[in-house]
Amino acid sequence: LSLLTALYGPVVIPESVRAELGLGLAGDRPGAKVLSTALASGAIQTRAMAQGHETALAGLRLLLDAGESAAILLAEETGCRFLLIDERRGREIARRRGIPVVGLAGVLLAAKRFSLLESVGPVLADLSQQGYRFAGGLVAEVLRLAGETRQPGD
C-alpha cells in the first residue's frame, strides 16, 4: 500500500470493495488494521458510483465478484490512469472495455524502477508465504524484468 501511494497517490476504491475488505468488523483479517488506517488517512478513498450502472453491474456480476465488477465500472466512469486488478478474468474484461490494467507485479516493478524497492524477489516470496498466489511463469517473468535472474555462468 505504501508503494502504491508513493507511486500514484491515493487509491480510489468503490464502496463494494470496501465492504469486501470487511473493515470495521470484528476479527483479525490480515491487513485489516493497515487498511483501516489507510482509509482514515485518505490513502485509500472510497467513491460511490454514479446512478444508472445497475444493468451494466448486473451483467458484469455474471462473470466477476461484486468488487471487481464495481471497480471496472468506476474505472470507466472516472477515466482512471489504470485499474489495479490481479484476477485474470477481471483483467481480460477490463482490457476488452479499454481500461488500462496493472497487477501487483507491475506495481512492484515500478517501485523498483523508481528506487522504492531494492529487490522484488523477496517481496514476492513474502507475499507468497502470506497466501498470495502467483503463477510460476509470472514470477519468472517479473524477476527477469527486474533484472533479478541469474544467467548461466554468473
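Read along the sequence, the protein chain follows the pattern α-β-α-α-β-α-α-β-α-β-α-α-α. This comes to nine helices and four strands, where helices (H or I, at least four residues) and strands (E, at least two) are DSSP runs numbered from the N terminus. The model is predicted: local features need pLDDT of at least 70, side-chain atom pairs count only at pLDDT 80 or more, and totals for chains, interfaces and linings use all residues. Residues are numbered from 1 along each chain as its sequence is written, and side-chain values use heavy atoms, with hydrogens and water left out.

**The whole chain**

Begin with the entire protein chain in view. Its C-alpha atoms fill a box of roughly 60 × 35 × 25 Å, taken along the principal axes. The accessible surface comes to about 9700 Å², of which 54% belongs to carbon and sulfur atoms; accessible areas come from the Shrake-Rupley method with a 1.4 Å probe, and for residues only the protein chains shown count as cover. Of the 154 residues, 32% are buried. Buried means under 20% relative accessible area, exposed means over 50%, and partly exposed lies in between (1.4 Å probe, protein chains only).

Contact means heavy atoms within 4.5 Å. Among the contacts with a separation of 6 or more, 51% are between residues 24 or more positions apart.

**Salt bridges**

Next, display the charged side chains. Lys and Arg count as positive and Asp and Glu as negative, while His and the chain ends are not counted. The chain has 17 positive and 16 negative side chains, and the centres of the two sets lie 2 Å apart; the place of a charge is taken as NZ of Lys, CZ of Arg, CG of Asp or CD of Glu.

A salt bridge is a side-chain nitrogen of Lys or Arg within 4 Å of a carboxyl oxygen of Asp or Glu. By this rule the count comes to three salt bridges.

- Select R97 and E76, whose closest N and O atoms are 2.6 Å apart in a salt bridge. R97 lies in the loop between α6 and β4 (101–102) and E76 in helix α5, so the pair ties together parts that are 21 residues apart in sequence.
- Select K112 and E148, a salt bridge with its closest N and O atoms 2.9 Å apart. K112 belongs to helix α7 and E148 to the segment after α9 (136–145), so this pair ties together parts that are 36 residues apart in sequence. K112 is partly exposed at 22% relative accessibility, and E148 is partly exposed with a relative accessible area of 22%.
- Select E141 and R144, which form a salt bridge with the closest N and O atoms 2.7 Å apart. Both are in helix α9, three residues apart, and are separated by about one helical turn. E141 is partly exposed at 34%, and R144 is partly exposed at 46%.

**Buried charges**

Move to R91, in helix α6 (residues 88–96). R91 is buried yet has no salt bridge, and the nearest side chain of opposite charge, D86, is 4.2 Å away. Not counting residues up to four places away in sequence, R91 touches I85, D86, V101, V102 and G103.

Then select E68, in helix α5. E68 is also buried without a salt bridge. Its nearest side chain of opposite charge is R61, at 7.6 Å. With residues up to four places away in sequence left out, E68 touches I85 and E87.

**A negative patch**

Select E20, D65, E87 and E92 together: they form a negative surface patch. Patches are made of residues with over 30% relative accessible area and no salt bridge, with like charges joined within 9 Å and nonpolar side chains (Val, Leu, Ile, Met, Phe, Trp, Tyr) within 5 Å. D65 lies in the loop between α4 (54–61) and α5 (66–78). D65 counts as partly exposed, at 32% relative accessibility.

**L124 and its neighbours**

Select L124, in helix α8 (residues 121–129). L124 is buried, with a relative accessible area of 6%. Not counting residues up to four places away in sequence, L124 touches L108, F134, V139, V142 and L143. The C-alpha atoms of L124 and V139 are separated by 7.7 Å, and the two residues are 15 apart along the chain.

**A loop residue**

Finish at S115, in the loop between α7 (104–113) and α8. Most residues other than glycine have a negative phi. S115 has a positive phi of about 60° although it is not a glycine. S115 is exposed, with a relative accessible area of 64%.
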